[in-house]
Amino acid sequence: MKKIRNYSLLLLTLLLLAACSEKLDLRPETSMDTDKALTGETNLKLATSGNYSLFNDLDFMPTYFHMVESPVDNVEATSVFDPGGTRQYGAYSYVYSPTMANSSRMYANAYKLIRGANNVIAAIPDDASPVLLQLKGENLFLRAFAYHSLVKAYGRPYVQGSGNNPAVPIIDKPMPTLERPAKRHTVKEVYDFMVADLLKAELLMTIDNNNAYASKYTAQAMLSSLYLNMGNDAKTIEYADKLIGQTARFSLVQGDAYKGYFATNHSADKETILCIKNLDGTGSGFFYYNQSYTVEKFAAVSKPLWDLLNEGTGDLRKNFYKALKTADGTTWNFTTKFVQNPAVNTTEKVSSPPIYRLAEMYLNRAEAYAKQGKDQLAIDDVNTIRRRAGLTGTDLYAVGSLRGRSSVLQVVLDERRLEFAFEGGQRRDDLLRNNLPMIRTYGKAGQPGSNITVQPTDARVVYYLPLNETNGVTNSLEQNP
């Protein structure tokens, strides 16, 4: 009787599925299906909005922030490992694996964004209306940004081997969701691809969006940063100049407004070129890179960074940090750069992290000037940022007075460390781009990840590709060593 009942249930299930087959289309999405859907301005706007949602997805940007911030010398892991903090402990201690959850989520969601952007890009011809060309440019930027996160996490620094090390696969057109690329492109190929996207996006985007959306300015900002990592100093300066010269559109936030800069959603300031904007009271956008720093108390400010912040008299950037106690009673300093509007109830707090801001353009240019031997110009840009931080007199630099630094380049790198700590992996880029080691000569004895030095050529400075990309079952890409 039991067997008969089971067979009857199976037959009933099959009959129901057959009856519903005309109404339920369970096929995987194909490029043809997408092409049919992506017609008309309304649908293309909706698709682009969906791609911005992927850009702001919890498993993409917050995860990426942790992957590139946790492994540097600005942080020290505390002994408090709540769930969110524990997820980042492997990144902090350089204990990577192909099954690392953070890495797999970031990788998968970056490609979701790339596939979504590809669909819109392919649907809009180059002779379309200005509104549609704007959408195409925005998606070219989003695609380039997704590749930038991937190439930095999984490809060796551009300066190593002139970009000829393996990076990630390039997908440049719509393809079925279940289809996977068969080879890794080189770091140089990915950078060249991003540059081409951004140069085209810069021309297509003629509508002056607010700083929550891509515009020609975001393309220019990203180009400046890409060229800096590529070692192209002239182009770094050229694109930084484009933004610094837009005085009616962009300016450095000053004084009390700067002290509260990270506690806003950047709707009013003129420094932010692009941010991920979340509104107070929405109960969303409280990213866990925020939580790890200020709630879970995982990533405390390291002593070297704190000493650097205290080197100048009255540095306004100390306002971006707060002393908190961990469960064992130890007092640590944690960043508050991702706590928007502290007056709002904790459960409703959100974050609107800046992705590009004008200060970065000044210090991109300063680094490029330093490498060109234009010391005075580099010092001038550094002092612009220091004056904005409330530093004066002997706290400023002069070509003949580097305040104990060995070179003008070291002056610039220290200033970048102060200005961009905890902001999207800037410190990691600075070290790798300049062939400098990550040094943690501090921390609790026996704490994994403390008291270590990681050279820029170490295999550990890049992440393993996710297992399903290399296992020979789902895909057979070459794995990082």
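Author: Begin with helix α4. Its buried residues are Met 61, Pro 62, Thr 63, Tyr 64, Phe 65, His 66, Met 67, Val 68 and Glu 69. That is 9 of the 9 residues in α4, which spans residues 61-69, so the helix is mostly covered if "buried" means under 20% relative accessible area. Keep in mind that this is a predicted model.

Now step back to the chain. There are 17 helices and 8 strands. Of the 481 residues, 55% are buried. Take the contacts with a separation of 6 or more: 70% of them join residues 24 or more positions apart.

What is the size of the largest nonpolar core? It has 125 residues. Phe 55, Tyr 147, Leu 150 and Tyr 154 have the most contacts inside it. Helix α7, residues 130-154, gives this core its largest share, 14 residues. In soluble globular proteins, nonpolar side chains tend to be buried together.

Stay with α7 and look at its partner α8. The two axes come within 8 Å and cross at roughly 155 degrees. An angle over 145 counts as roughly antiparallel, so α7 is roughly antiparallel to α8. The crossing of α7 past α8 is left-handed. On the α7 side, the residues in contact include Leu 133, Gln 134, Gly 137, Leu 140, Phe 141, Ala 144, Tyr 147 and Val 151. On the α8 side, they include Val 187, Val 190, Tyr 191, Phe 193, Met 194, Leu 198, Ala 201 and Leu 204. Sorted by class, this contact has 14 nonpolar, 3 polar and 5 charged residues. Tyr 147 belongs to this contact, and Tyr 147 is also one of the core residues with the most contacts.

Next comes Met 205. Where does Met 205 sit? Look in the loop between α8 (187-204) and α9 (216-230). Met 205 is buried because its relative accessibility, 1%, is under 20%. Leave out residues up to four places away in sequence, and Met 205 touches Gln 134, Gly 137, Glu 138, Ala 214, Ser 215, Lys 216 and Ala 219.

Now move to a helix with two partners, α14, residues 358-371. Take α16 as its partner, residues 408-420. These axes come within 9 Å and cross at roughly 165 degrees. The angle is over 145, so α14 and α16 are roughly antiparallel. Again the crossing is left-handed. From α14, the residues that meet α16 include Ala 359, Leu 363, Asn 364, Ala 366, Glu 367 and Ala 370. From α16, Val 408, Leu 409, Val 412, Leu 413, Arg 416 and Phe 420 are among those that meet α14. This contact divides into 9 nonpolar, 1 polar and 6 charged residues.

The other partner is α10, residues 233-244. It packs against α14 at about 150 degrees, with the axes 9 Å apart. By the cut-off of 145, α10 and α14 are therefore roughly antiparallel. α10 passes α14 in a left-handed crossing. Among the α10 residues in contact are Thr 236, Ile 237, Ala 240, Leu 243 and Ile 244. In α14 they meet a set that includes Leu 358, Met 361, Tyr 362, Arg 365, Ala 368 and Tyr 369. The classes here are 9 nonpolar, 2 polar and 4 charged. Asn 364 and Lys 371 of α14 are listed in the contact with α10 and in the contact with α16.

Tyr 94 lies in the loop between α5 (83-93) and α6 (101-123). Its phi is positive, about 60 degrees, although Tyr 94 is not a glycine. At 8% relative accessibility, Tyr 94 is buried. His 266 is in the loop between α11 (255-259) and β2 (272-275). Its phi is also positive, near 70 degrees. His 266 is buried too, at 1% relative accessibility.

Is Glu 469 buried or exposed? It is buried, because its relative accessible area of 3% is under 20%. Beyond residues up to four places away in sequence, Glu 469 touches Tyr 107, Arg 180, Asn 475, Ser 476 and Leu 477.

Methods:
Residues numbered from 1 in each chain as written. Predicted model: local features only at pLDDT ≥ 70, side-chain atom pairs only at ≥ 80, totals over all residues. Heavy atoms only, no water. Buried < 20%, exposed > 50% of the residue type's maximum accessible area, 1.4 Å probe, protein only. Contact = heavy atoms within 4.5 Å. Axes fitted to C-alpha atoms, helices over the stretch in contact; angles between N-to-C directions. Helix = DSSP H or I, 4+ residues; strand = E, 2+ residues; numbered from the N terminus. Parallel < 35°, antiparallel > 145°, perpendicular 65-115°, else oblique. Left-handed = near helix turned anticlockwise from the far one by under 90°. Nonpolar A, V, L, I, M, F, W, Y, C, P; charged D, E, K, R; others polar. Core = buried A, V, L, I, M, F, W, Y, C linked by side-chain atoms within 4.5 Å.
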